[in-house]
Amino acid sequence: AVVDCLARNHDLVVLDTGRTLARAATPFQRQLIMTGLTVRAVAATRVALPKESALSTGLVVRRGGPISAKDVARATDLPLIGVVPNLGDLAGLADRGQPPSLGGSWRRACHQILDWCLSAGS
């Protein structure tokens with residue numbers, strides 16, 4: 001009910017649902033799937049993808065791994081929307097109540113992702 005209310009009242013709703021949203025029917029037109037640049041991460045992403053979906057699905061990858069972002073997009077058959085830096089100590093910073101230091105590459109990636117989320121059509 002909360003998600004339905006958010007979707008009715010806001011142009012953009014961002015949810016971190018893990019891999020469950022990819023398999024569920026949602027009131028949203030678009031979804032992003034985030035993955036890493038490893039064989040294991042790509043395999044998990046492929047398993048989580050819906051077989052058929054009316055949603056427009058985009059891919060965001062975390063930097064750091066032996067596979068290129070373009071190869072991951074090709075393997076998942078999803079458009080690459082953005083590449084974000086990997087923050088290895090994010091959990092530790094959160095535990096200490098400290099915000100992460102986000103530089104220009106984060107800002108660029110966030111702008112690309114936001115532009116895709118807000119763009120008209122699929």
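A residue is called buried when its relative accessible area is under 20%, exposed when it is over 50%, and partly exposed in between. The exercises below apply this to a predicted model.

**Exercise 1.** Determine whether Arg 96 and Asp 89 are buried, partly exposed or exposed, and state how they are paired.

*Solution.* Step 1: Arg 96 has a relative accessibility of 48%, so this residue is partly exposed. Step 2: for Asp 89 the figure is 42%, which again means partly exposed. Step 3: the two residues form a salt bridge, in which the closest N and O atoms lie 3.0 Å apart.

**Exercise 2.** Describe the salt bridge of Asp 71, its place in the chain and the exposure of its two partners.

*Solution.* Step 1: the partner of Asp 71 is Arg 74, with 2.2 Å between the closest N and O atoms. Step 2: both belong to helix α3, which covers residues 69-76; because they are three residues apart there, about one helical turn separates them. Step 3: Asp 71 is partly exposed at 36% relative accessible area, whereas Arg 74 is exposed at 60%. Step 4: in general, side chains of opposite charge can pair when their charged atoms come close. The structure holds two salt bridges.

Definitions and conventions:
Residues are numbered from 1 along each chain as its sequence is written. This is a predicted model: local features need pLDDT of at least 70, side-chain atom pairs count only at pLDDT 80 or more; totals for chains, interfaces and linings use all residues. Side-chain values use heavy atoms; hydrogens and water are left out. A salt bridge is a side-chain nitrogen of Lys or Arg within 4 Å of a carboxyl oxygen of Asp or Glu. Helices (H or I, at least four residues) and strands (E, at least two) are DSSP runs, numbered from the N terminus. Buried means under 20% relative accessible area, exposed over 50%, partly exposed in between (1.4 Å probe, protein chains only).
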